[in-house]
Amino acid sequence: MELPIRGERLAGLLPHSGTMCLLDAVSAWDEQQIHCIARSHLSADNPLRQGGRLDALTAIEYAGQAMAIHGSLLQLKAQGGAETEPFAPAQGYLAGVNQCTLYCEDLSQIEEALEILCQRLMADSKGQLYGFEVKAAGRLLACGRVTVILASPGTDD
C-alpha cells in the first residue's frame with residue numbers, strides 16, 4: 001500500500017469508524033513497526049474527551065489503533081499485497097498494558113501532531129506484544145508495552 005495511508009484507506013484497516021478512528025495517517029511501516037500521525041487530540045468532538053479534557057491514558061488507545069492497522073497491513077501483505085473487497089481486519093483485543101509511563105496529563109493541551117510509534121516485539125497465532133511511544137515534536141508523552149490477544153478466525157468474541 002502506498003504511503004502515506006490516509007482517509008478511507010486508513011479507516012478500512014480499522015474496526016472503528018467515524019470520529020472513533022483517531023489516526024490521520026500511516027507515514028511508515030514494515031514487518032516489525034508502524035509510525036502513525038494523529039491530530040484528533042485537538043478536536044472538540046473527540047469521543048474520548050471528558051469534561052473538555054483528553055486524559056493522557058488515551059495514548060494507549062492511539063497506540064492500540066496503530067497496532068490494529070499494523071496487523072491489517074500484515075494481513076493484507078500475507079494475502080499477496082492486494083487490497084481485496086471486502087477486507088475484514090482480524091479482531092484483536094488489548095489484554096494488558098505494562099510498563100506504561102505518562103509524561104503529561106492532558107493530550108488536548110498538546111498543540112503539535114501526535115507521533116505514534118509501535119514496535120512488534122513478539123508474535124504468534126494467539127497474540128502479539130508491542131512496545132509503543134507517543135510523542136509530539138520529539139517530546140515523549142507516553143510509552144509502554146501492550147499485549148494483544150487475537151480472536152480465533154470465525155468468532156465474534
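Reader: Quick one to start. Which residue in β5 does H35 stand opposite?

Author: L117 stands opposite H35. Bear in mind that this is a predicted model.

Reader: How do the strands of that pair run, and how many bridges join them?

Author: Strand β3 covers residues 33-38 and strand β5 covers residues 114-123. They run antiparallel. Six bridges join them.

Reader: What packs on the sheet?

Author: Helix α2, residues 59-78. The helix touches β1, β2, β3, β4, β5, β6 and β7. Its direction makes about 60° with that of β5.

Reader: Back up a bit. What is the strand order in the sheet?

Author: The order is β1-β2-β3-β5-β6-β7-β4. That is an open sheet of seven strands, with antiparallel pairing.

Reader: Which strands stand at the edges?

Author: β1 (5-6) and β4 (92-102). Each has a single partner strand, so one side of each is left without a neighbour in the sheet.

Reader: How many bridges join β1 to β2?

Author: Two, and the strands run antiparallel. In that pair, R6 stands opposite A25 in β2.

Reader: And β2 with β3? How many bridges there?

Author: Four bridges, again in the antiparallel sense. One of the pairings puts V26 with C36, its bridge partner in β3.

Reader: How many residues sit between β2 and β3?

Author: Three residues lie between them, and the two strands form a hairpin.

Reader: Change of topic. How many disulfides are there?

Author: The count comes to zero.

Reader: What about C104? Which cysteine sulfur is nearest?

Author: That of C100, at 11 Å. C104 is in no disulfide either.

Reader: Where is C104 found?

Author: In the loop between β4 and β5.

Reader: Which residues is C104 in contact with?

Author: Leaving aside neighbours within four places in sequence, C104 is in contact with A56, R139 and L141. L57 is worth a look too: its C-alpha atom is 9.4 Å from that of C104, though the two are 47 residues apart along the chain.

Reader: Now pockets. What volume does the largest pocket have?

Author: About 450 Å³.

Reader: Which residues are closest to its centre?

Author: M67, A68, A90, G92 and V148. In total, 23 residues line this pocket.

Reader: Which element gives the largest share of that lining?

Author: α2, with ten residues.

Reader: Let's do backbone details. Which residues does the cis peptide bond join?

Author: L3 and P4, with omega about -10°. P4 lies in the segment before β1.

Reader: What is the phi of Q99?

Author: It is about 50°, a positive value, although Q99 is not a glycine. Q99 has its place in strand β4.

Reader: Is Q99 buried or exposed?

Author: Exposed, with a relative accessible area of 58%. The cut-off is over 50%, so Q99 passes it.

Reader: What about A137? What is its phi?

Author: Near 50°, also a positive value in a residue other than glycine. A137 is found in the loop between β6 and β7. This residue is exposed, with a relative accessible area of 56%.

Reader: Last stop. Where is A151?

Author: In the segment after β7. A151 counts as partly exposed, at 21% relative accessibility.

Reader: How are A151 and L3 separated?

Author: Their C-alpha atoms are 28 Å apart, and along the chain the two residues are 148 residues apart.

How values were computed:
Residues numbered from 1 in each chain as written. Predicted model: local features only at pLDDT ≥ 70, side-chain atom pairs only at ≥ 80, totals over all residues. Heavy atoms only, no water. Pairing = 2+ DSSP bridges. Contact = heavy atoms within 4.5 Å. Axes fitted to C-alpha atoms, helices over the stretch in contact; angles between N-to-C directions. Disulfide = S-S within 2.5 Å. 1 Å grid on protein atoms, 1.4 Å probe; cavity = no way out; pocket = protein on both sides within 12 Å on 5 of 7 lines; lining within 4 Å. Points joined across faces, edges and corners; volume = space filled by probe spheres on them. Buried < 20%, exposed > 50% of the residue type's maximum accessible area, 1.4 Å probe, protein only.
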